[in-house]
Amino acid sequence: MKLPVYFEKMLKQAISARNNAYAPYSKFQVGCCIRTENNLFFAGTNVENIAFGTTQCAEGAAIGAMITAGERKITNLLLVAINDSPCTPCGNCRQQLSEFAKPNMQVYVCNPQGHLQTIKFTDLLPYSFKF
Ligand code: THU
């Protein structure tokens, strides 16, 4: 599938965020960039804590920035870490993203060299929790 014009911008922002990760415990830096329905971009990175369960993922940080700016609907997400293998959102992040994902949200799975795979969000989390 052809990548959209904004793909490179998302990759740049995610890598730049990842380079600022606070990950002294896992040493696994992750960067995320989300694009909203209004064509706005928000990046985030992981923020670890000595109480490991308190760690915030890159996706959560990007969502926080998006909400703070008044945006609510995500059309695209890009995730990149530090290794060559694909990094996909963890289970918690999938549920968190499902709150704000547009029906056809696309997830660009990348490594530091570039694009690996495009996955529809609903393929990552079918039947997400709702009530
Ligand atoms: N991490 C993310 O930032 N996003 C994910 O979807 C998976 C995991 C971070 C959390 C932690 O700082 C590190 O990766 C190792 O688990």
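First, the ground rules. Residues are numbered from 1 along each chain as its sequence is written, and side-chain values use heavy atoms, without hydrogens or water. Because the model is predicted, local features need pLDDT of at least 70 and side-chain atom pairs count only at pLDDT 80 or more, while totals for chains, interfaces and linings use all residues.

Start with helix 2, residues 58–68. Helices here are DSSP runs of H or I, at least four residues, and strands are runs of E, at least two, both numbered from the N terminus. Which residues of helix 2 are buried? They are Ala58, Glu59, Gly60, Ala61, Ala62, Ile63 and Met66. Buried means under 20% relative accessible area, exposed over 50%, and partly exposed in between, with a 1.4 Å probe and protein chains only. These buried residues pack against strand 1 (31–36), strand 2 (41–45), strand 3 (74–80) and helix 3 (91–98), where contact means heavy atoms within 4.5 Å. After helix 2 comes Gly70, with a positive phi near 90°.

Now the ligand. It is surrounded by 13 residues, the closest being Asn46, Glu48, Ala58, Glu59 and Cys90; a residue counts if one of its heavy atoms lies within 4 Å. A polar side-chain atom of Glu48 is 2.5 Å from a ligand oxygen atom. Polar backbone atoms do the rest of my list: one of Ala58 lies 2.9 Å from an oxygen atom of the ligand, and one of Cys90 lies 2.9 Å from an oxygen atom of the ligand.

Last, Lys12 in helix 1, residues 7–18. Lys12 counts as exposed because its relative accessibility is 67%.

Notes. A polar contact is a pair of N or O atoms within 3.5 Å; within protein, one must be able to donate a hydrogen and the other to accept it, and residues adjacent in sequence count only if both atoms are side-chain atoms.
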